[in-house]
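Dear colleague,

I am passing on the structure we spoke about, together with some notes on what was found in it. Please keep it open beside this message while you read.

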Amino acid sequence: MIRLFSATLLSLLLCASLANAAEKPLIVASDATWPPIEMLDENKNVVGYSIDYLKAVAKEAGLNVEFRNTAWDGIFAALESRQADIIASSVTITDKRKKAMGFSDPYCEIRQAVVVSTNSDLKNLKELDGKKVGGQIGTTGLVETLPKAKSKAIVKTYDEVGLALEDLAKGNIDAVICDDPVAKFYANKKQEYAGKLKVAFITDDVEFYGFAVRKSDTDLVKKLNEGINAVKEKGIDKQVVEKWIGK
């Protein structure tokens, strides 16, 4: 009888343990300084395009996710050290990054944009030669777009793109390069920059955001892709775009 009771108790504990494991959320790291894609609301909750998109994907794929605001300069280390399971933070899919981590299918198409003061007449990347150009450290505008164009710009890096745009508004630098939804948000929707900043131009090269995971998490990639496909088939992606980026 004691053995039977012990076996039953062990079985119940095992079931409870498995249930808890199944309910344990996947930690999603987002650098909430990249509006309107990832940002904080008035209650310090992580919100934005990537967040709503991944929530929809998770619902379709049966995944439980929890978002955490994570600084960009430590976001990839958080994934590698298992402090996070997914990065949803405007991560452009590049060949270099694919060597280090796994990616979902693309969930957003963007281009690089250059923001300048309203009295600037800069019109292309070549005209940035000799100019002070700011950007968030490690972002594709700085590490891909400018080098590819063989730009001779004087690059200044910032921990957050907002700090670069603040410096631009003060006249400390000549331009800021960042993803076009972010550029349009700051130039057109940020009240403090009204009449001060404008989007000078948008580059031709297309980039795609993907949800990043550890390279070994191939099953998770499959789940994310299933969710992305369902979101697109149901037209949910268009609703998220309209809410955060506009038609």
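The domain bounds used below come from an automatic or database domain assignment. For this chain, which is a predicted model, the assignment gives domain 1, made of residues 26–109 together with 208–245, and domain 2, made of residues 110–206.

How far apart do the C-alpha centres of domain 1 and domain 2 lie? The separation between these centres is 24 Å, and where the domains meet, 16 residues of domain 1 are in contact with 17 residues of domain 2. The size of an interface is often given as the accessible area lost when the parts come together. Here the area buried between domain 1 and domain 2 is about 1,500 Å², and carbon and sulfur atoms give 62% of that area. On the side of domain 1, Trp34, Pro35 and Glu109 supply 37% of the area that this domain buries against domain 2, which is more than any other three residues supply.

Pro36 itself is placed in the loop between strand 1 and strand 2, the latter being residues 39–40.

The next part concerns helix packing. Two packed helices are described by the angle between their axes and the distance between the axes. The axes of helix 2 (residues 49–61) and helix 9 (residues 236–244) come within 9 Å and cross at roughly 160°. Angles over 145 degrees count as roughly antiparallel, and helix 2 is therefore roughly antiparallel to helix 9. The crossing of helix 2 with helix 9 is right-handed. In this contact, Tyr49, Asp52, Tyr53, Ala56 and Glu60 of helix 2 meet Ile236, Asp237, Val240, Val241, Lys243 and Trp244 of helix 9, and these residues divide into 7 nonpolar, no polar and 4 charged.

Helix 2 has another contact, with helix 8 (residues 218–233), where the axes come within 8 Å and cross at roughly 105°, so that helix 2 is roughly perpendicular to helix 8. Helix 2 contributes Tyr53, Leu54, Ala56, Val57, Glu60 and Ala61, while helix 8 contributes Lys223, Leu224, Gly227, Ile228, Ala230, Val231 and Lys232. The residues of this contact divide into 9 nonpolar, 1 polar and 3 charged.

Two single residues remain. Leu26 lies in strand 1 (residues 26–30), and, leaving aside residues up to four places away in sequence, Leu26 touches Leu63, Asn64, Val65, Glu66, Asp85, Ile86 and Leu220. Leu26 and Val199 are 173 residues apart in sequence and 37 Å apart in space, taken from C-alpha to C-alpha. Ser90, found in the loop between strand 5 (86–87) and helix 4 (95–100), has a phi near 55°, which is a positive value in a residue other than glycine.

Note on methods:
Residues are numbered from 1 along each chain as its sequence is written. This is a predicted model: local features need pLDDT of at least 70, side-chain atom pairs count only at pLDDT 80 or more; totals for chains, interfaces and linings use all residues. Side-chain values use heavy atoms; hydrogens and water are left out. Axes are lines fitted to C-alpha atoms, for helices over the stretch in contact, and angles run from 0 to 180 degrees between N-to-C directions. Helices (H or I, at least four residues) and strands (E, at least two) are DSSP runs, numbered from the N terminus. Angles under 35 degrees count as roughly parallel, over 145 as roughly antiparallel, 65 to 115 as roughly perpendicular and the rest as oblique. A crossing is left-handed if the near helix is turned anticlockwise from the far one by less than a right angle, and right-handed if clockwise. Contact means heavy atoms within 4.5 Å. Ala, Val, Leu, Ile, Met, Phe, Trp, Tyr, Cys and Pro count as nonpolar, Asp, Glu, Lys and Arg as charged, and the others, Gly among them, as polar. Buried area is the accessible area (1.4 Å probe) that two parts lose on being put together, summed over both.
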